[in-house]
Amino acid sequence: MQELINNIVAAGTFGKMPETLVAAIVIIVLSAVVFLGIAFPFAGIVSWVERRVWARIQSRVGPNRVGPNGFLQWLADGVKHVCKEDVIPTDSDHQLFKIAPYLVVLAFVLPWAVMPFSSSLILADMNVGILYMTSVTAITVVGVLMAGWASNDKWSLIGGIRSAAQIVSYEIPAGLSIFPVVLMTGTLSMQGIIRAQGWAPQHWFLFANPFTFVAANILYVSALAEGNRTPFDLPEAESELVAGFATEYSGMRYLFFFMAEWGNLFIIGAIITTLFLGGWQFPQVSNNAVVMNILQLITFNVKVLFLVFVSMWIRGTLPRVRIDQLMSLCWKYFVPISFVNMIGTAIWVAIWPEGNSVAGYIMFALGIVLAVIFIQRVMYYLRRSRMELYFRPTI
Amino acid sequence: MSTLRTEEMTLNMGPQHPSTHGVLRFIVRADGEVMREAIPDVGYLHRSIEKIAEKVGYHGFMPYTDRVDYVCAMFTNQGWGMASEKLANIQVPKRGEYCRAIATEFNRLASHLLSVGTMGMDIGAMTPFTHAIREREMINDLIEELCGARLTFNYMRIGGVAWDLPPGWREKALAYLDHFEPILDEYNALISYNKIYIERLANVGIISADEAVNYNLVGPNLRGSGIKWDIRKDLPYSVYSEFDFDVPVGKGEWGKLGDAMDRYMVRIRELKESVKILRQALKQIPAGPVLAKVPRNFKPPAGECQIRVESARGDMGWYAVSDGTGYPWRVHVRTGSFAAMGIIQKLSQGLMIADLVTLIASLDVIAPEIDR
């Protein structure tokens, strides 16, 4: 980033402008490209993918009218929402009501700054990368609480308060589940963590030791809870609170909330991928940096999109938990287990400072066994159900 | 902290709310997420159906009965038909009774499928709903072939049914039952035994057997509390005495006896029993006419009668008074949903707000049936 700015200044493209101004322009343009060109379309496309995947799980067809297989549905929805009237309730707190969606979107776009797409493709490789990631995603709670409060609607208020309680609680197990990895690598930088892993699964932190395996699962579930995803979508519980904090919103402001929700799926996946699934690591097949970066980009995205798909799958399968069950899951199970993970990993690191490669192979083998058992179970139900299966992705 | 002033929040749930199953309103007094009380406010869907009966005559009232409970309209049809027949002492032909039994049992399948599907949706899982609705659509197709309508059937007449089974319909119905039975197991594996699902339903809205009787609950709500009472079995009407079927009751397998899970599982098991009845009925159906000779100008002798039908929502009572003219003097319908509304205020005390939705869904109340 800094090199790029230095190059531009040296090339004299902007004449005699002060260096800081050039830097600001470059940063703004690049951020705009990243956010408008990657983050927002991603959120939109995920909304389409989710509706299609969800439809398949529910034996429906899903949106298939706009564009090939309904691919442009997200654009149509976006245009529709922009054209809609931006209703602001008379008795609401107008200022807060207007600001709230932007805060939520802010919490969704900020993490993209440290998103490690490949070994070179990263906006800012901060030395506190993962800490930054978890802290900026927590801004969501301010926006959601603000929206719930400013709407001056009791149902929205309940949604907002639920969200605050939920996100603040689940920050703790999520944060504690990051610690084992930090303990093992000694760095908070996204790239540093990825470089400490290898491309092969047995070198991923997921399989480094039993504690990290548990930590990865806790982190994923906690991240779903923080992202208001099923089975933890209580803040917007459509059958109880109708749309929770978003009830009074309409038009583009309403869409902002949901864009942030869908976009957050990518961020959840990226955090897990970076910490536990080896990030962009790909075997060194070429010495060409461009080829390697493209391969790494693909690897990273495949891993992230798989996790995004899993969260859609979960959404299509599970009902919603109740607020007391949500809280007891967090405080009675996740938090103690996270502490055990942390201490366990600390002891592990003290015994094997360089990691234990045998443990990696054993854990990987156990992981394969788990996957096979899972697939067999799924196949058993598929056979037993005698339903016609459609493997045609396009209808 | 002890000086901190707190107050209860009064929430208005409905009349337009996705989980109240129609236009139904609850005034919820909540302390945070915990409800102090939920007071049902009924009457938003009142259409004076009982009064209409006094103006349109016996035959003309039949289509209106569909609207008493549009989720299981066959039972309301049958209720009115039976009441009128009892007033005028008309004997329905055997095949007509079988057609009625087949139509009502298919309707029971459709109604229970909607109930268990919305149960899933109300606690946040959309998939079970679409799967249940998919099966319900196929039943609707069958019923459409039978009587031309998918929701408000108007299939029955005083003295029998309007149309005989169409040619080939019996085979189609049997084929559908073959398709449906394994799907039920799949549905159970998908949702009924899901951990979160059981956690949400078990020990919510527990109704003891005494309470169930005292609050006049009927149908699956009563049987969920462990009381084996089914009009089809205990006071047999139509041709139900010729069928072999069980009456499933709640057993408290997942929580206390009479919780929401018990009521839910009673409905699931009743689906199986209905399939059993349908198979027997489709096999045993005799030949003959389906409609008795009933005069167009129907004037039953003066008198009154009360009949009971086991609808999908339980014991449905039809009370009719005739004064000898062509118009009933008074008609009254006693419905299960209205009785179920009475217990909600008591059960809701101390539940979470999310549980109110579960409770309403587990009692399977239908707004038009409450208000009529």
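Two strands pair if DSSP finds at least two bridges between them. Helices (H or I, at least four residues) and strands (E, at least two) are DSSP runs, numbered from the N terminus.

Before you start, note that this is a predicted model, in which local features need pLDDT of at least 70, side-chain atom pairs count only at pLDDT 80 or more, and totals for chains, interfaces and linings use all residues. Residues are numbered from 1 along each chain as its sequence is written, chains are lettered from A and ligands numbered from 1 in the order in which they are written, and side-chain values use heavy atoms, with hydrogens and water left out.

**Exercise 1. Describe the sheet that holds strand 2 (residues 25-31) of chain B.**

Step 1: Start with the order, which is 1-2-3 in an open, antiparallel sheet of 3 strands in chain B.
Step 2: Find the edges: strand 1 (9-13) and strand 3 (34-41) of chain B each pair on one side only.
Step 3: Count the bridges: strand 2 and strand 3 of chain B are joined by 7. For one pair, follow B:I27 to its bridge partner B:I39 in strand 3 of chain B.
Step 4: Helix 13 (residues 353-363) of chain B lies across strand 1, strand 2 and strand 3 of chain B, at about 150° to strand 2 of chain B. Here axes are lines fitted to C-alpha atoms, for helices over the stretch in contact (heavy atoms within 4.5 Å), and angles run from 0 to 180 degrees between N-to-C directions.

**Exercise 2. What lines the largest cavity?**

Step 1: Learn the rule. On a 1 Å grid over the protein atoms alone, a cavity is a set of points where a 1.4 Å probe fits but cannot get out, and lining residues have an atom within 4 Å of a point. Grid points are joined across faces, edges and corners, and a volume is the space filled by probe spheres set on the points.
Step 2: The rule gives 4 cavities of 30 Å³ or more, and the volume of the largest is about 90 Å³.
Step 3: Its lining includes A:V104, A:E226 and A:N264. Helix 10 (251-276) of chain A gives the most, with 4 residues.

**Exercise 3. How far apart are the C-alpha centres of domain 1 and domain 2 of chain A?**

Step 1: Read the bounds, which come from an automatic or database domain assignment: domain 1 (1-83) and domain 2 (84-385) of chain A.
Step 2: Their C-alpha centres lie 20 Å apart.
Step 3: The contact takes 20 residues from domain 1 and 24 residues from domain 2 of chain A.

Definitions and conventions. 1 Å grid on protein atoms, 1.4 Å probe; cavity = no way out; pocket = protein on both sides within 12 Å on 5 of 7 lines; lining within 4 Å.
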